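Trainee: Could you take me through the protein surface that lies near the DNA strand, going slowly and giving the cut-offs behind each term?

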2 protein chains.
Amino acid sequence: MTKPTLFENITEVSEDVRNFFISKLEEIHAEKGYKLETAGEVSKYLYYISEGSARSFYIRDNRDITASFSLEGEFVTAMHSFITRSPSYETIETLEKSLLYRISYTDLQECFKKFPDLERVYRMILEKYYIALEEQMIFSKFKSARERYLELMEKKPKIIQRASVGHIASFLDMTIETLSRVRAKI
Amino acid sequence: MTKPTLFENITEVSEDVRNFFISKLEEIHAEKGYKLETAGEVSKYLYYISEGSARSFYIRDNRDITASFSLEGEFVTAMHSFITRSPSYETIETLEKSLLYRISYTDLQECFKKFPDLERVYRMILEKYYIALEEQMIFSKFKSARERYLELMEKKPKIIQRASVGHIASFLDMTIETLSRVRAKI
DNA sequence: AACTAGCCTTGACAAAAGTCAAAATGTCAG
DNA sequence: CTGACATTTTGACTTTTGTCAAGGCTAGTT
């Protein structure tokens with residue numbers, strides 16, 4: 001997979017703009033557990049996952065709570081921190097050996113100034129982010145522990161393989177014991 | 001309150017751009033219960049609430065579930081539908097007599113083409129939307145019924161006055177009975 | 001193979017919130 | 001003001017999920 005893959009979903013950008021943007025990208029070969037962003041620091045980069053997967057989580061009352069999982073072809077960053085330029089409360093790490101492309105906040109702003117077209121691209125990333133969050137919100141609001149697990153299995157089966165029971169349980173907002181019982185009765 | 005109030009939070013737009021944008025705005029005087037967007041239809045407008053308040057909800061298993069409350073100074077639309085141009089699953093209605101300004105999807109797109117600066121403005125609206133949703137998500141994830149109610153009281157006390165118990169309960173993801181008990185023990 | 005550490009599962013019990021039903025209160029037209 | 005209807009509160013009981021504790025499984029090490 002090469003850099004241009006990143007643009008597959010993103011349309012209507014001229015060659016020049018594309019090349020300028022690509023010139024700002026940094027390629028990252030990350031091992032499992034590599035920290036993309038760290039809680040307490042201002043999020044520096046917007047990442048594109050070319051291969052692999054990542055997990056965003058934060059610590060609350062000494063517990064590790066998974067906020068989201070990201071797969072190949074998705075963008076990921078500590079969006080709240082990236083937007084507000086305030087310290088992130090989440091940490092993002094790879095779940096496996098991954099190939100990432102990242103652009104720094106400042107370079108991205110420079111891109112926007114130079115090529116307003118890219119503002120549209122970023123807008124679309126934001127929109128996707130928003131929709132994903134909204135869907136997760138609704139999905140978590142009306143379903144029982146069991147239904148939430150079944151839905152994750154259907155929508156992101158790769159996560160079930162890749163993440164630990166603890167990660168999945170906190171993402172689905174239940175204890176590992178409840179998850180274990182749900183799995184036992186499928 | 002006049003149209004320019006809308007721009008209070010939104011900076012760095014020239015007079016020309018501002019005027020063009022304002023020329024596309026439509027003023028709406030809405031009575032209580034006026035439907036801004038309707039489930040099943042593609043969301044046509046982005047609204048700005050100048051005075052009043054609104055509630056977004058959807059129907060699931062014959063139940064009316066409140067997704068969000070919006071107050072004066074906020075933008076509101078069925079964002080998912082507005083973004084994807086697919087039918088909305090939510091309906092948005094005013095909670096009281098309200099003064100709104102709205103711009104249609106097509107006019108907004110035209111604005112973006114003509115004045116890329118406005119793309120930035122829209123991006124900022126989207127960012128606010130996103131952050132609000134994220135905060136709501138985290139807030140609902142770790143709190144008990146009681147804590148969720150206390151937090152709503154603190155953050156949007158106006159809602160407690162304006163909305164019915166049923167609306168508030170579904171928003172806080174609890175039954176009206178539970179909400180009633182929570183309120184009894186404050 | 002035996003030992004260990006970490007992770008996962010299972011069981012017994014507790015807590016939180018939901019359900020159903022009835023009583024109390026509020027609202028409003030006539 | 002009164003009756004009718006809708007909304008809210010309260011009570012008894014059920015269901016779901018959480019907590020704590022014990023036991024089992026697996027991979028890596030000696």
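Mentor: In this predicted model, α8(A) gives the most to the surface near DNA strand C, with four residues; here helices (H or I, at least four residues) are DSSP runs numbered from the N terminus, and a residue is near a strand if one of its heavy atoms lies within 4 Å of it. Residues are numbered from 1 along each chain as its sequence is written, while chains are lettered from A and ligands numbered from 1 in the order in which they are written. Local features need pLDDT of at least 70, side-chain atom pairs count only at pLDDT 80 or more, and totals for chains, interfaces and linings use all residues, with side-chain values resting on heavy atoms and leaving out hydrogens and water.

Around DNA strand C there are 14 residues, of which A:S180, A:R181, B:A145, B:E177 and B:T178 come nearest. Of the atoms of DNA strand C that come within 4 Å of the protein, sugar and phosphate account for 60%. By class, the surface holds six charged residues (Asp, Glu, Lys and Arg), four nonpolar ones (Ala, Val, Leu, Ile, Met, Phe, Trp, Tyr, Cys and Pro) and four polar ones (the others, Gly among them).

Polar contacts, which are pairs of N or O atoms within 3.5 Å, include one between the side chain of B:T178 and a phosphate oxygen of DNA strand C at 2.7 Å, and another in which a polar side-chain atom of B:R63 lies 3.4 Å from a phosphate oxygen. The side chain of B:E177, by contrast, places a polar atom 3.1 Å from a base nitrogen of DNA strand C. The elements that give two or more residues to this surface are α8 (176-184) of chain A and α8 (176-184) of chain B.

How values were computed. Polar contact = N/O pair within 3.5 Å; in protein donor to acceptor, adjacent residues only side chain to side chain.
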